[in-house]
Amino acid sequence: MPVEQPIGTFYMSVLPVETILNCTRIRQRKFDEKSDSYEGIQRKEVSPRIKEIKEYSSDPNATFPTPIIIAVDKDKSKGLKINESVFEFCDEDIIGEVIDGQHRLLGLKRSEYRVKFNIPIIFMFGLTDQEKAEVFSIINSTQRPVSKSLIYDLFELSSYRSPQKTCHVIAKLLNSDYNSPFYRRLKVLGRKESEMESLSQGSFIEYLLPLISKTPDKDLRCSKQDIPFDPDENVPLRSYFIDDKDEVIYKILFNLFTAVKNVFEKEWNNPDEYILSKTLGYGAILTAFEPLYSLGKKKGTLSINFFTEIFEKLKYELKNQNKELTSEHFSSNRQEQKELADIIIKCVKDFESNTF
C-alpha cells in the first residue's frame with residue numbers, strides 16, 4: 001500500500017518474521033578501517049532488551065503492531081511493480097537494511113515462537129545514507145517515554161493477577177485510606193495535584209515490585225496461561241502474593257510507614273523541607289526492607305510498635321551522626337539513597353544484637 005509523504009512515497013506491507021530475518025541486514029554504527037570512516041546507523045545491541053522481547057513473545061497475547069522499517073537497496077528497487085502494488089524478491093536475497101526495529105527482530109530471532117508472527121513492514125526506496133540517518137534519528141529522538149505511573153495504573157484494567165496489578169491496587173488503597181500514612185500523598189498518573197503529594201504512583205510501585213517478584217512480566221505470562229507462580233524465598237513478600245494474600249502486604253506496608261510517620265512526624269508532614277516522604281526516603285526504606293522484615297518475622301511481629309522501635313533507633317543514629325533528613329545531607333541520587341538505607345540496616349542489626 002503506497003503512502004505519500006514529503007520524503008517521498010513508501011510502501012506498507014506484511015511479512016513473516018523468518019522472511020524479514022532472511023532478507024535484511026542490520027548495520028550498527030562502527031568504525032570501518034578500510035574506508036577510514038564510520039558506517040551504519042543502528043545503535044549497539046542491548047542484550048537485556050533482546051532477552052525481554054524473546055521472553056515476551058511467549059505471551060499468549062503477544063503483539064508487535066509497530067512496523068519494521070526497511071531501506072531497500074537501490075539495485076533491488078527495480079523489483080517494484082507500482083501498478084500491481086507488488087514487490088517481488090527472492091526469500092534468500094538481502095534486499096536492504098533495517099532502519100528501525102532491530103531489537104524486535106533480534107529478540108524474535110532467538111524465540112521459538114517467531115513462526116507465529118507476521119510483522120507490519122514499511123519499505124522505503126532510494127534513501128541515501130543521510131536520509132536513512134535522518135529517518136532513524138527522527139523516530140528515536142522524538143519519542144517520549146510513557147509515564148510509569150500511567151503504565152502501572154492501566155494494570156487495573158487487566159483481568160489477570162500480576163505483581164504489577166497487586167502493587168497498583170495497594171498504592172491506590174493506601175492513597176485513598178484516610179488512616180493511611182500515604183493518604184493523598186501519591187501523585188496519581190504522575191501528576192501533582194496538591195502540595196502534600198510528594199511521591200509518584202510510578203516510584204511507589206517501582207520500589208515495591210522487587211519485594212514481590214524478580215520477574216513480574218514472567219508472572220503475568222504465567223497468570224495468562226494458568227501456570228503456578230514460582231516461589232522465591234529471597235523475595236520477602238512473594239509468598240503472600242502467591243497465596244493471594246494482598247491484604248497482608250497492604251497491612252505490612254501500612255504498619256511500616258505508620259511507624260515512620262509517627263517517629264518522624266515533622267519530616268513526614270513537610271515534604272518541601274525533608275526528603276523522607278519523597279522518592280529518596282521511601283526508596284531507602286524499601287531498599288532496607290528485607291532485613292527489617294526478616295527481623296520482624298524472627299521476633300514474630302510486624303506490628304506498628306515493632307517498626308516504631310527500629311525507627312526510634314534510626315532517629316537516634318541520625319542525631320548521633322549529626323544528620324537531618326534534608327537534601328543538604330541526603331541529595332537526590334542513588335548513592336545518597338543507599339547511604340540512608342545502610343544506616344537503617346545498621347539500626348536493624350544493632351537492634352537485633354542489643355548493642356544500641
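Reader: Which residues have the most contacts inside the largest nonpolar core?

Author: They are F204, L208, L237, F257 and L286, in a core of 63 residues. Helix α10 (residues 246–263) gives the largest share of this core, 10 residues. Bear in mind that this is a predicted model, where local features need pLDDT of at least 70, side-chain atom pairs count only at pLDDT 80 or more, and totals for chains, interfaces and linings use all residues. Residues are numbered from 1 along each chain as its sequence is written, and side-chain values use heavy atoms, with hydrogens and water left out.

Reader: What makes a set of residues a nonpolar core?

Author: The set must consist of buried Ala, Val, Leu, Ile, Met, Phe, Trp, Tyr and Cys residues joined through side-chain atoms within 4.5 Å. A second, separate core of 21 residues includes I68, V72, V98 and L108.

Reader: What does F204 touch?

Author: Setting aside residues up to four places away in sequence, F204 touches C167, I170, A171, L174, F182, L186, L199 and Y282. Contact here means heavy atoms within 4.5 Å.

Reader: How do you know whether H168 is buried or exposed?

Author: Look at its relative accessible area, which is 2%. Buried means under 20%, exposed over 50%, and partly exposed in between (1.4 Å probe, protein chains only). H168 therefore counts as buried. H168 sits in helix α6 (residues 163–176), and beyond its neighbours within four places in sequence it contacts Y152, D153, E156, Q201 and I205.

Reader: And what are N322 and K323 called, going by their accessibility?

Author: N322 has 64% relative accessibility, so it counts as exposed. K323, at 22%, is partly exposed. N322 is in the loop between α14 (304–320) and α15, and K323 lies in that loop too. Phi of N322 is near 60°, a positive value in a residue other than glycine. As for K323, it touches L318, H329, F330 and E339, not counting residues up to four places away in sequence.

Reader: Why is helix α3 called largely enclosed by the rest of the structure?

Author: Because 7 of the 8 residues of α3 (residues 102–109) are buried. Those are Q102, H103, R104, L105, L106, G107 and L108. They pack against several elements, among them α2 (47–56), β6 (68–72) and β10 (118–125). Helices (H or I, at least four residues) and strands (E, at least two) are DSSP runs, numbered from the N terminus.

Reader: Why is α12 called oblique to α15?

Author: The axes of α12 (residues 279–287) and α15 (residues 334–353) come within 8 Å and cross at roughly 45°. Under 35 degrees would be roughly parallel, over 145 roughly antiparallel and 65 to 115 roughly perpendicular, with the rest oblique. The pair is therefore oblique. The crossing is right-handed. From α12 the contact includes T279, L280 and I285, and from α15 it includes E336, L340 and I344. By class, the contact residues divide into 6 nonpolar, 5 polar and 1 charged.

Reader: What makes α10 oblique to α14?

Author: They pack at an angle of about 40°, with their axes 8 Å apart, and by the cut-offs above that makes α10 oblique to α14. The crossing of α10 and α14 is right-handed. Among the contact residues are I252, L256 and V260 of α10 and F307, F311 and K315 of α14. This contact has 8 nonpolar, 4 polar and 2 charged residues.

Technical notes:
Axes are lines fitted to C-alpha atoms, for helices over the stretch in contact, and angles run from 0 to 180 degrees between N-to-C directions. A crossing is left-handed if the near helix is turned anticlockwise from the far one by less than a right angle, and right-handed if clockwise. Ala, Val, Leu, Ile, Met, Phe, Trp, Tyr, Cys and Pro count as nonpolar, Asp, Glu, Lys and Arg as charged, and the others, Gly among them, as polar.
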